[in-house]
Each structure stands twice: as C-alpha cells, then as structure tokens.
Amino acid sequence: MTDQSALIRRQVLFWSVAALLVVLMLWVFSGILLPFVLGMAMAYFLDPVADWFQRRGLSRIAATVVILVLFIIALAAAVLIVVPVVGGQIVSFSERLPEYLDSLQALAVSARAGPLAFLFTGDELDLKQDLAQFASQGTGIVTSFLGSLWSSSLAVVNFVSLFVVTPVVAFYMLLDWDRMVDKVDSWIPRQHAATVRRLARDIDASVAGFVRGQGSVCLILGTFYGVGLTLVGLNFGLLIGLFTGLISFIPYVGSAIGLILSVGVALVQFWPDWPWVLAVAAIFFVGQFFEGNILQPKLVGASVGLHPVWLMFALFAFGTLFGFVGLLIAVPAAAAVGVLVRFALSQYLRSEMFFGRSGLVETPGRIETRMPPQVIQSGGDPEPRG
C-alpha cells in the first residue's frame with residue numbers, strides 16, 4: 001500500500017508539473033500561437049472528413065489536399081460575398097454613430113418631460129451628461145477590446161502570415177493526425193491506459209459536441225436575426241444580426257447586446273412609430289425562444305456538460321491570460337476541465353475518503369454500515385488493512 005501511494009504521488013507531481021509547463025508555454029508564446037492554434041483546430045474538426053474520404057478509397061494525402069482545397073474555396077466565397085456587404089455597413093454605422101447617440105439623447109430628454117418622467121432623476125443637463133458618459137464608456141470598452149485583439153494577436157502575426165501559416169499548419173497536422181494520436185497513446189502509462197482513453201473520448205465528445213453544435217446555433221441565429229431585422233427595414237439589420245449570432249456563444253451576453261443595439265437603432269429610426277420598435281424587440285424574443293427550447297436542446301444538448309456560468313468564466317479567464325488565443329482555447333479547455341472534474345468527483349465518491357476505512361456512516365441517532373461500490377460488487381467484506 002505504501003509503494004502504491006508513493007507511485008500515485010509521483011504521478012500526480014509529474015502530471016501537475018507537465019500541466020504547469022504547458023500553461024507557462026501558452027502564456028509566454030501567446031503572441032505567436034494564433035496561426036498554430038487555428039491550424040490545429042482546423043485539423044481536429046476536419047479529421048473525421050478525412051477519415052470518411054479514406055474509407056472510400058482515397059489516400060490520406062489525397063484526402064487532405066481535397067479537404068483543404070474545398071475548405072479554402074468555401075471560405076474565400078463566403079468572404080467575397082459577406083465581407084463587402086458587412087464591411088460597408090460597418091463603415092456606414094461608424095459614420096452615423098454620433099448622429100444616433102445625439103438622437104437617443106434627444107429622445108431621453110423628451111421622455112423626461114413626458115409620462116416617463118418618474119424614471120429619470122436630476123435635471124436635463126445631468127441626463128445629457130449621464131448619456132454622454134455612458135456612450136463614452138461603451139465606446140472605450142469596444143476600442144480597448146479591439147486594441148487588445150490587435151496587440152495580442154496581430155501585432156506579431158499579421159494578416160499575411162496568418163493566412164499563409166494557418167493552412168500550412170492545418171495541412172501537415174491533418175496529414176499526420178492519426179499518427180500523432182497513436183504516438184501520444186503509446187506514451188500513456190500502461191496501467192492507466194484504459195482510463196485515460198475513456199477520458200480522452202469524453203473530452204473529444206464534449207468539445208466536438210459543443211463547438212459543432214454551438215457553431216450551428218450561432219450560424220442559425222445570425223441568419224435569423226440578420227434576415228428578420230432586414231425585413232422589418234432596420235438600418236444595419238444585417239450587420240447587427242450577424243454580430244449577434246457571432247457572439248451568441250457567450251450565454252445571455254450576446255443576445256442582450258444584440259437586443260440593446262437593435263432597439264437603440266429602432267428608436268432613432270422609427271420613433272414615434274412604436275409598433276416597429278416592438279417588432280424589432282419581438283424578433284429577439286422569438287430568437288431566444290427557439291434557441292432555448294429547440295436549437296440548444298437539439299444541436300448542443302445537455303450531455304456536453306458546460307454550464308453557462310463556467311463557460312463565461314473560462315472565456316474571461318483565458319481571454320485575460322492569453323488574449324485572443326485564450327478565447328480560442330477557452331471552450332475546449334473548459335470542456336476538458338469539466339470532464340476531469342467529474343471524473344475526480346466520481347473517484348472520490350467511490351473511495352475511502354468518502355466512505356471511510358471501516359465503511360461506517362454516522363447519522364443522527366444511529367450508525368449505518370455502508371460498503372464502497374467495489375466491495376459490494378465483489379460480494380464480500382472489505383479486506384483488513386494493516
């Protein structure tokens with residue numbers, strides 16, 4: 001028993017040091033990791049497609065070339081179609097933003113003199129100052145966020161290197177993916193191989209299920225919001241809808257930002273025709289209903305096991321530590337940690353730390369004898385321990 005405990009302690013120390021070194025490496029090289037992380041992510045999600053082509057007679061290198069060519073063509077087509085439209089709306093929106101803020105300020109001042117006066121405190125000057133401060137803070141947050149993206153990822157790795165290095169990394173990793181997996185599998189301690197493989201399968205299912213499912217949800221919501229807001233005639237409806245769908249992976253935050261932006265633009269554009277403002281708000285409420293009751297249960301599901309609060313914490317934590325690269329690895333890291341925590345909890349609930357050495361459980365007024373599951377399954381008493 002002493003030798004086994006010492007072995008476990010050595011293994012825990014070894015893997016803890018290894019995990020610390022990985023985190024340290026990510027932190028030190030976070031400024032140049034973006035194309036490599038993107039290339040690895042592409043290889044990870046395209047590997048099942050490569051396996052499908054291999055089962056139909058293509059060699060691994062031929063399947064890799066076909067997949068990457070098709071992927072680049074589809075990406076280029078999407079960029080050529082969407083980017084000009086969205087880019088034009090971004091430029092127009094940035095030009096008209098001061099006008100929108102002034103109009104919202106005027107609406108708030110007029111509302112203060114109307115039946116909604118009880119919602120406002122202070123005089124008109126204070127209200128204008130509060131609105132100006134709110135707009136300045138919101139603009140500052142967006143500016144600092146974009147600045148952090150630039151400094152953390154694109155200051156070292158510019159657009160040219162990103163679009164050159166990423167496909168090359170994806171090609172070689174997709175080509176060697178199965179060999180890399182087999183090599184890593186050969187490094188697993190043999191006594192824990194079955195457990196590690198099961199955990200790896202659980203992590204793979206959790207990451208793939210969430211990213212693929214949530215990616216589908218974001219795509220569907222972005223299309224729905226963009227088309228819906230455009231049909232009601234909202235200015236920049238396509239831009240707001242696509243942006244809302246893009247950030248819908250952040251629970252509640254994405255939909256709240258989209259609702260505030262769209263209703264704010266609708267107030268400036270349609271007021272006093274309030275039915276159109278309600279129509280804009282209704283689009284988001286309908287989208288939230290379908291997301292919560294249909295899209296999330298069907299496409300993501302509860303088996304993924306990523307609680308919204310845990311996901312938001314992971315996004316903020318990894319984004320703070322590693323910048324934009326941290327945002328990319330936050331979801332798989334959160335899924336992996338979730339699987340490991342659930343495994344550790346299940347091991348604890350089956351161990352002596354939970355049941356006690358004697359199997360005695362104290363409850364008020366009596367003492368019950370309970371056996372650990374492994375003892376119950378063996379059909380005998382626990383072995384005496386010296």
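The legends below describe close-up views of a predicted model. Local features require pLDDT of at least 70 and side-chain atom pairs count only at pLDDT 80 or more, whereas totals for chains, interfaces and linings use all residues. Residues are numbered from 1 along each chain as its sequence is written, and side-chain values use heavy atoms, with hydrogens and water left out.

**View 1. Asp47, Asp51, Arg60 and Asp178 are linked in a network of salt bridges.** A salt bridge is a side-chain nitrogen of Lys or Arg within 4 Å of a carboxyl oxygen of Asp or Glu. Asp47 belongs to helix α2 (residues 34-55); helices are DSSP runs of H or I, at least four residues, numbered from the N terminus. Asp47 counts as buried because its relative accessibility is 9%, and Arg60 is also buried, at 12%. Buried means under 20% relative accessible area, exposed over 50%, and partly exposed in between (1.4 Å probe, protein chains only). Between Asp51 and Arg60, the closest N and O atoms are 2.9 Å apart.

**View 2. Arg179 and Asp176 form a salt bridge.** The N to O distance is 2.2 Å. Arg179 is exposed at 56% relative accessibility, while Asp176 is partly exposed at 23%.

**View 3. A salt bridge joins the side chains of Arg197 and Asp185.** Their N to O distance is 2.8 Å. This pair links distant parts of the chain, with Arg197 in helix α7 and Asp185 in helix α6 (residues 177-186), twelve residues apart. Arg197 is partly exposed, with a relative accessible area of 32%; for Asp185, also partly exposed, the value is 22%.

**View 4. Phe210 lies in helix α7 (residues 193-231).** Phe210 is buried, with a relative accessible area of 7%. Phe210 and Phe249 are 39 residues apart in sequence, and their C-alpha atoms are 9.8 Å apart in space.

Key. Helices (H or I, at least four residues) and strands (E, at least two) are DSSP runs, numbered from the N terminus.
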